[in-house]
Amino acid sequence: MAIFLGYMALVSRMKEIKRVFEYHGAEHKTIACYEAGEELTVENIKKFTRFHPRCGTSFLLFVMVVSIILFAMLPRVDMVILRVLMRLALLPVVAGLSYELIKWAGRSKNKCVAWMSKPGLWLQKLTTREPDASQIEVAIASMEPCIPENKEDDRW
């Protein structure tokens, strides 16, 4: 986990990546505005936070934590190939558990869940930046084709 966090800290200092992270912030703010039921305009979107509980960055953190816990419970096996096969066999379990956790974190208002989500939101301080108006416009243009005509089709 330290390697991942160190890598993210170093990469987030690169000029090109900072720009990518501004677009990432625009995406989060746009989704937050949409989920709040407000019209997708630059001014409305600016009011929202760039941190989102269902972010892919948070998901990666959940994957790492779940895999560390799950793989730590595996019996010690000396055969490298068997160890690799056991971990490969458990990848769908790790992904499934992580997905359910991130989904739960995105819709729950429980204080325990909010506490559990904090590290992912802290990590987003590295992977998102405040966007400018043109980046928000790109996020709006990207979001609009994804919005279903029937609101009931968009219940997460």
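**T128 and its surroundings**

I started at T128, where a polar atom of the side chain sits 2.7 Å from the backbone oxygen of Q124. I count a polar contact as a pair of N or O atoms within 3.5 Å; within protein, one must be able to donate a hydrogen and the other to accept it, and residues adjacent in sequence count only if both atoms are side-chain atoms. This is a predicted model, so I kept local features only at pLDDT of at least 70 and side-chain atom pairs only at pLDDT 80 or more, while totals for chains, interfaces and linings use all residues. Numbering runs from 1 along each chain as its sequence is written, and side-chain values use heavy atoms, with hydrogens and water left out.

Next I looked at the side-chain partner of T128: R50, through a polar contact of 2.9 Å. T128 itself is in the loop between α6 and α7. (Helices are DSSP runs of H or I with at least four residues, strands runs of E with at least two, numbered from the N terminus.)

Is T128 buried or exposed? It is buried, at 0% relative accessibility. My cut-offs are under 20% relative accessible area for buried, over 50% for exposed and partly exposed in between, with a 1.4 Å probe and protein chains only. Leaving out neighbours within four places in sequence, I find T128 in contact (heavy atoms within 4.5 Å) with F21, H24, G25, H28, R50 and F51.

**S58**

Q124 turned up again here: its side chain makes a 2.9 Å polar contact with the side chain of S58. S58 belongs to helix α4, residues 56-72, and is buried at 3% relative accessibility. Not counting residues up to four places away, S58 touches H52, P53, I102, G120, L121 and Q124.

**Salt bridges**

I searched the whole structure and got eight salt bridges. The criterion is a side-chain nitrogen of Lys or Arg within 4 Å of a carboxyl oxygen of Asp or Glu.

I looked at R19 and E22 in this set; their closest N and O atoms are 3.6 Å apart. Both are in helix α2 (15-35), three residues apart, about one turn of the helix. R19 is partly exposed at 36%, and E22 is partly exposed at 22%.

R19 also bridges to D132, with closest N and O atoms 3.8 Å apart. That pair links distant parts of the chain: D132 is in the loop between α6 (111-127) and α7 (133-143), R19 is in α2, and 113 residues separate them. D132 is partly exposed at 34%.

I then checked K29 with E130, a salt bridge at 3.1 Å between closest N and O atoms. K29 is in α2 and E130 in the α6-α7 loop, so this pair ties together parts 101 residues apart in sequence. K29 is buried, at 2%, whereas E130 is partly exposed, at 43%. Salt bridges with shared partners join R19, E22 and D132 into one network.

**Second largest pocket**

Last, I noted the second largest pocket, with a volume of about 250 Å³. A pocket is an open set of points on a 1 Å grid over the protein atoms alone, where a 1.4 Å probe fits, with protein on both sides within 12 Å along at least five of seven lines. Volume is the space filled by probe spheres set on the points, which are joined across faces, edges and corners.

Which residues lie nearest its centre? P53, A105, G106, S108 and K109 do, out of 14 lining residues (an atom within 4 Å of a point). The elements giving two or more residues to this lining are α5 (80-107) and α6.
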